[in-house]
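Subject: Structure for you to look at

Hello,

Here is the structure I promised to pass on. Please open it alongside this note, and my findings follow below.

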Amino acid sequence: MSQHGATDLEHQEHHVVGPKVYLLIFFALMICTGLTTWVAFIDLGVLNPVIALAIACFKASLVVLFFMHIHYSSKLLKLTVASGLFMFLVLITMTLSDYISRAWGLW
Amino acid sequence: MDSPAIATVNGEMHAEAHAHPAHLRHHFETVEQQREAASFGMWLFLLTEVMFFGGMFMAYLIYRNWYHAAFVAGCNTLNIWLGTINTAVLICSSLTMAMAVYSAEKRHKKSLITYLILTIVLGLAFLGIKSVEYAEKFELHHVPGPNFSIEQFVHPTNPKAVALAPDMAEKTQVYFSLYFAMTGMHALHMIIGISILIILVVRAFGGAYTDGHMTTIENFGLYWHFVDIVWIFLFPLLYLISRYR
């Protein structure tokens, strides 16, 4: 007996992302690349790495959302990506907090 | 437990008699469900890749903190323009890959093959530029190991550069080790990607992926874009954030 009925909610039509969106994202990524190289030559002190990484995060978000179709994907896929990023941040935070606190009081 | 009544409640009698596309595996209800399961699996793989590269990013973060002066000196030996061009090349290859996925979706065999080949060419261009950069590292004795030379960091020729003490200058090896580990693993991913692309092109010539079943192309697209994202982070970290001004 085949199973059906329960998954009928997943019958939505697949969203096809077209060349217009791809070209728009492509130009945005190119502009951001020019921008990040340009900013690298300006002395902003501690802000230089912050701005460079902010631009990188923005570019990566554009790629994930549009080139990798997450913007148009189901909640399951959105949650998968979000949980992966969250896990990554947890690992970084815990490693850094260990690293910072290991020599606590010895300086 | 499942009864025909459920099917009639939905008003659709698409049981065994339903005409399925040949590529729909029997354990999936619909093509859309199969597609989603494939994407889900691919994303889980990409998350393990995030963890893999994440370890190296973590090492970079901590060592940069420890040996900041050495990392600044090391960063400034890289050619920022080659890095920028390579970033642009990779973004172009991501666009052509996205267009390949679109072509497969629209079942255009010719444009699918064209875009896949363009992606291969751009990937090879990236690796070509990268190999020019690697060759320069060998010439300048910037490859960690017995031939590594701290000369340029102790007595810099660049007037903006700060001369490092010999012990700190030795730590530029840590920077270059991370440089080679991170860009090397990224380049390996590119090489694997290009190898798979060649197989995809050969199969696409045989008519694959334009018959409505394009999971392979879609998932490979995800992989290729992921490799692009890794470079989007490597570029500022290795080339940009410590330039002399």
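In which crossing, left-handed or right-handed, does α8(B) pass α9(B)? The crossing is left-handed. Please keep in mind that this is a predicted model.

**The α8/α9 pair**

Helix α8 of chain B covers residues 172–205, and helix α9 of chain B covers residues 215–240. Their axes come within 10 Å and cross at roughly 155 degrees. An angle over 145 degrees counts as roughly antiparallel, so α8(B) and α9(B) are roughly antiparallel to each other. On the α8(B) side, the contact includes B:Tyr179, B:Met182, B:His186, B:His189 and B:Leu200. On the α9(B) side, B:Phe220, B:Trp224, B:Val227 and B:Trp231 are among the residues involved. By class, this contact has 14 nonpolar, four polar and no charged residues.

**The core**

The largest nonpolar core has 72 residues. B:Ala98, B:Ala100, B:Ile217, B:Val230, B:Leu234 and B:Leu238 touch the most other members. Both chains contribute elements that give two or more residues: α1 and α2 of chain A, and α2, α3, α4, α5, α8 and α9 of chain B. The most comes from α9(B), with 17 residues.

Look at B:Ala98 in particular. Leaving out residues up to four places away in sequence, B:Ala98 touches A:Tyr22, A:Phe67 and B:Gly221.

**Helix α3 of chain B**

The buried residues here are B:Ala70, B:Phe71, B:Ala73, B:Gly74 and B:Cys75. They pack against α2, α6, α7, α8 and α9 of chain B.

**Two single residues**

B:Thr119 lies in helix α5 of chain B. B:Thr119 counts as buried because it has 27 C-beta neighbours inside 10 Å. Its contacts are B:Ser93, B:Thr96, B:Met97, B:Ala100 and B:Leu197, again not counting residues up to four places away in sequence. B:Thr119 and B:Trp224 are 105 residues apart in sequence, and 9.5 Å apart in space, C-alpha to C-alpha.

A:Phe58 is found in helix α2 of chain A. A:Phe58 has 15 C-beta neighbours inside 10 Å, so it counts as partly exposed. A:Phe58 and A:Lys78 are 20 residues apart in sequence and 17 Å apart in space, C-alpha to C-alpha.

Best wishes

Note on methods: Residues numbered from 1 in each chain as written. Chains lettered and ligands numbered in written order. Predicted model: local features only at pLDDT ≥ 70, side-chain atom pairs only at ≥ 80, totals over all residues. Axes fitted to C-alpha atoms, helices over the stretch in contact; angles between N-to-C directions. Helix = DSSP H or I, 4+ residues; strand = E, 2+ residues; numbered from the N terminus. Parallel < 35°, antiparallel > 145°, perpendicular 65-115°, else oblique. Left-handed = near helix turned anticlockwise from the far one by under 90°. Contact = placed C-beta atoms within 7 Å. Nonpolar A, V, L, I, M, F, W, Y, C, P; charged D, E, K, R; others polar. Core = buried A, V, L, I, M, F, W, Y, C linked by C-beta atoms within 7 Å. Buried ≥ 20, exposed ≤ 12 C-beta atoms within 10 Å, placed from the backbone.
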